[in-house]
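Let's take a walk through this structure together, with the sequence and the 3D view side by side. Have both open as you read.

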Amino acid sequence: MAIPSSAPRYALTRAVVVSFFLLFISFTLLSSYHPPFKATLSKFSPFITSQTPHPPYTVAIIYLVRLSHADELLGSLASVNVYLPLRDPWPIILFHTGDFDDTPVQDDFLASLREKIGGQSNRSQRDFSDRVEFVKLDWVLPEGIPHTKEELDPVSPSSWPGYHHMCAFYSTKIFFNPRLQDVTYYLRMDTDSLFLEPLCYDPFEVMHARQRSYGYLGIGNDAPVVTKGLWRFIRDYADSHPEVESQLNASKTWKWPTGDVDLDDVPVSGYYNNFEIVKLEEFRKPEVKEWFYHLVQYPEGFYKWRWGDAPLRWVTTQMFFDMDRETERLCGIRYYHPYNYLEQCECVPLHP
Ligand SMILES: Nc1nc2c(ncn2[C@@H]2O[C@H](COP(=O)(O)OP(=O)(O)O)[C@@H](O)[C@H]2O)c(=O)[nH]1
Ligand SMILES: [Mg+2]
């Protein structure tokens, strides 16, 4: 058996000692320079969202959904993910009325969502599908009206009562939903709402910076067939609430019907509120609540005459907000929803 010479053995020992010494020095240097290294990293890595301070508001993106329209919803959510430049990965709340209640149904939907949009949320390390929550609503017909279509004889009988419940939900109840209790702003989208191009600002930062209560894209009007009795209802409310009447009369954009007209033939304006940003607390003020209470005390409004949430949102903001200071037409949002005719306006970044 050959005996190994002592020269290689000595070289080996020296190499181990030198390596160990170098390792020790590197470790010491690294430790002593740790703070500036960390600071440099966070300064030049804006994508590290855990280092970004939280804004002084909270947000939820909300939808009212039906399983039968799941494909449409997937398309809309994908457009939110790709085109909405939000500084934080806010929750996405899917309000439903029971059809999304079972866990396998929810899991299937989330799997389809992951398949549709792929990995992580846009600009966030959190998976988009992890931001989705399902919240069940219990819709019951109110007291004081017949509960059958035959007896009630509603306008738009083919969509009764679902669509009519939807109008009542978005006109009054949404502001008091327990899930939204601690939310500052919600963004509503319909399942048939789509963003078409990237936006050049975070709309919630705009709402916050400009202290707005209501953000919208455009204004149209509902057909008079679904606003029967609404003008008279508003007139009566203004007559019994002088502060509401003076607010309406002071608004540059409010127009009472004039001349010898049948009020039921005069359209009521309405926001295209299939997209809207709402500062919730502004719609929970006592005087606004009183108006909502008055509306729900007359259930025929929603359930027989099919008064819509679009004109009612317009009427509510006109009654209680300074339209110049508290509402914001959000420009530069390239958006599609059936039957909305939006005039485009330029996208101006908040921080050019
Ligand atoms: N759960 C549920 N959602 C509904 C019902 N009717 C409408 N919606 C939802 O309410 C929103 C507005 O309805 P949509 O049909 O788009 O109304 P439109 O924009 O006025 O034509 C959409 O997100 C729908 O999914 C309903 O009967 N049940
Ligand atoms: Mg719609």
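This is a predicted model: local features need pLDDT of at least 70, side-chain atom pairs count only at pLDDT 80 or more; totals for chains, interfaces and linings use all residues.

Tyr339 has a positive phi of about 65°, although it is not a glycine. It counts as exposed because it has 8 C-beta neighbours inside 10 Å.

Residues are numbered from 1 along each chain as its sequence is written, while chains are lettered from A and ligands numbered from 1 in the order in which they are written.

**The chain as a whole**

The secondary structure comes to 13 helices and eleven strands. Of the 352 residues, 27% count as buried. Among contacts between residues at least 6 apart in sequence, 85% join residues at least 24 apart; two residues are in contact if their C-beta atoms, placed from the backbone, lie within 7 Å.

The largest nonpolar core has 64 residues, and those that touch the most other members are Ala60, Ile61, Ile62, Tyr185 and Tyr186. Such a core is a set of buried Ala, Val, Leu, Ile, Met, Phe, Trp, Tyr and Cys residues joined through C-beta atoms within 7 Å. Setting aside neighbours within four places in sequence, Ile61 is in contact with Val80, Trp90, Ile92, Leu187 and Met189.

The loop between α5 (149-152) and α6 holds two features to look for. Pro161 sits in this loop, and a cis peptide bond joins Trp160 and Pro161, with omega about 0°. Asp153 is found in the loop between α5 and α6 as well. Like Tyr339, it is not a glycine, yet Asp153 has a positive phi of about 55°. Asp153 counts as exposed because it has 11 C-beta neighbours inside 10 Å.

How much of helix α6 is covered? Seven of the ten residues of α6 (162-171) are buried, so the helix is mostly covered. The buried ones are His164, His165, Met166, Cys167, Ala168, Tyr170 and Ser171. Elements that cover them include β1 (59-64), α10 (286-296), α11 (300-303) and α12 (309-320).

Which helix gives the largest share of the shell around ligand 1? That is α6, with three residues. β1 and α6 each supply at least two. In total 14 residues surround the ligand, the closest being Leu64, Gly162, Met166, Asp190 and Thr191; a residue belongs here if its C-beta atom, placed from the backbone, lies within 6 Å of the molecule. The shell divides into five nonpolar, six polar and three charged residues, where Ala, Val, Leu, Ile, Met, Phe, Trp, Tyr, Cys and Pro count as nonpolar, Asp, Glu, Lys and Arg as charged, and the others, Gly among them, as polar.

**Where α9 meets α12**

The axes of α9 (242-250) and α12 come within 7 Å and cross at roughly 100°; axes are lines fitted to C-alpha atoms, for helices over the stretch in contact, and angles run from 0 to 180 degrees between N-to-C directions. The two helices α9 and α12 are therefore roughly perpendicular, the word used for angles of 65 to 115 degrees. Val244, Gln247 and Leu248 in α9 meet Gln318, Met319 and Phe320 in α12. The residues of this contact divide into four nonpolar, two polar and no charged.

Gln318 is buried, with 20 other C-beta atoms within 10 Å. Beyond its neighbours within four places in sequence, Gln318 is in contact with Leu248, Ser251, Trp254 and Met323.

**Pairs apart in sequence**

Here are some C-alpha to C-alpha distances to check in your viewer.

| Pair | Apart in sequence | Apart in space |
|---|---|---|
| Arg114 and Asp130 | 16 residues | 9.6 Å |
| Leu113 and Gly75 | 38 residues | 9.0 Å |
| Gln318 and Ser251 | 67 residues | 7.1 Å |

Leu113 counts as buried because it has 20 C-beta neighbours inside 10 Å, whereas Arg114, with 14, counts as partly exposed.

Definitions and conventions
A residue is buried if 20 or more other C-beta atoms lie within 10 Å of its own, exposed if 12 or fewer, and partly exposed in between; C-beta atoms are placed from the backbone. Helices (H or I, at least four residues) and strands (E, at least two) are DSSP runs, numbered from the N terminus. Angles under 35 degrees count as roughly parallel, over 145 as roughly antiparallel, 65 to 115 as roughly perpendicular and the rest as oblique.
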